[in-house]
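Dear colleague,

I am handing over a structure for your attention.

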Amino acid sequence: MGYGGYAYLLEPLWWLGMITMIVGEVAKLVAYAFAPAILVTPLGALSIIVSAVLAHFILKEKLHQLGVLGCVMCISGSVVIVIHAPLESPITSVLEIWIMATQPAFLLYLGSVVVLVFLLIFHFAPRCGHTIALVFTGICSLMGSLSVMSVKALGTALKLTFEGKNQLVYPETWFFMFVVATYVITQMNYLNKALDTFNTAVVSPIYYVMFTSLTILASVIMFKDWDGQSPRSIISELCGFINVLSGTILLNSPKDSDRGSSFRGGHAPLSPTLSTGLFSGNGETPKHDEEHILLHEEICLRKQEPC
């Protein structure tokens, strides 16, 4: 099983998945060019619903009642977000985005993210990156919030260019392009490490919650999405966002209980869950340790002896 290395690069199926993800990210780039990030990012939960439905029919993974409830919550929360989403202020030049990106409030956020990422990569990752799921997912989420801001800037610049207002003459456009490439590569590297090391049912909800929350925070600081909105609209957006987060967690929660419920005699294997999978000792068990646990339980069941 995975140890957080790069063995997945040799898998053709991984490259097929990567190509489809690139196509999806290109479509998301277009979405960020026409809508605020505070609207586009939470709607990413709809992809989780599609994945759950496809897994039910293609991979024969049973969609439990909690999973169905999670789908309903994600859809209802997304509808609330769309209804109360803020209107995006018109942008006529990439230089306007550059001014937003260099305002003191966002520079403070940028500096905080860079410091945290360096701490996670050089201090925490070598020591506990393979035992604490929050390390790798934290790096992905922090870098992801900055990459979304850069993607929106780049998408807006390309949209204006296609409209006849050439933005490629500005060095800021190329800077945003370089930032997007750097952040996305780093983000994908550590996301693959997290998925290769820990259970997907633990990584997916943690990553979605952290990434979406940080992206909304960065967008509110940089683009001032909530300026001019009424408190009622802001509260409604937050309620819809919480609804989507709760639905995402419910969608992933039944996956861990599947293995345990299939064992007879009351001897269910130890399985990492979202509530206990964050820290070692009482928390997340890497994939290669899960094999030993499952083997031990199987031997006990065959012998019909108490463990």
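The notes below start with the overall fold and then turn to particular places in it.

Please bear in mind that this is a predicted model. The protein has 307 residues, of which 45% are buried. Among contacts with a separation of 6 or more, 81% join residues 24 or more positions apart.

Helix H3 covers residues 45–57 and has 13 residues. From its first C-alpha to its last it reaches 19 Å, close to the 18 Å expected at 1.5 Å a residue. Its buried residues are Ala45, Ile48, Ile49, Ala52 and Ala55. Seen down the axis of H3, these buried residues fall within an arc of 130°, and therefore they line one face of the helix. An α-helix has 3.6 residues a turn, so residues three or four places apart point the same way. The partners against which the buried residues of H3 pack are helix H4 (65–84), helix H9 (200–223) and helix H10 (231–252).

The second largest pocket holds about 280 Å³ of space. It is lined by 16 residues, and those closest to its centre are Leu110, Ser150, Phe175, Val179 and Tyr183. At least two residues of the lining come from each of helix H5 (94–101), helix H6 (104–128), helix H7 (133–162) and H8. Which helix gives the most to this lining? That helix is H8, with six residues. By type, the lining comprises 13 nonpolar residues, three polar and no charged.

Helix H8, which spans residues 171–197, also contains threonine 173. Is threonine 173 buried or exposed? Its relative accessible area is 1%, which is under the 20% cut-off, and threonine 173 is therefore counted as buried. Leaving aside residues up to four places away in sequence, threonine 173 touches Val94, Leu154, Ala157, Gln167 and Leu168.

Finally, I would draw your attention to lysine 224, located in the loop between H9 and H10. Lysine 224 is not a glycine, yet it has a positive phi of about 55°. With a relative accessible area of 39%, lysine 224 is partly exposed, because that value lies between the limits of 20% for buried and 50% for exposed.

With kind regards

Notes:
Residues numbered from 1 in each chain as written. Predicted model: local features only at pLDDT ≥ 70, side-chain atom pairs only at ≥ 80, totals over all residues. Heavy atoms only, no water. Helix = DSSP H or I, 4+ residues; strand = E, 2+ residues; numbered from the N terminus. Buried < 20%, exposed > 50% of the residue type's maximum accessible area, 1.4 Å probe, protein only. Contact = heavy atoms within 4.5 Å. Expected span 1.5 Å × (residues − 1). Arc of directions from axis to C-beta. 1 Å grid on protein atoms, 1.4 Å probe; cavity = no way out; pocket = protein on both sides within 12 Å on 5 of 7 lines; lining within 4 Å. Points joined across faces, edges and corners; volume = space filled by probe spheres on them. Nonpolar A, V, L, I, M, F, W, Y, C, P; charged D, E, K, R; others polar.
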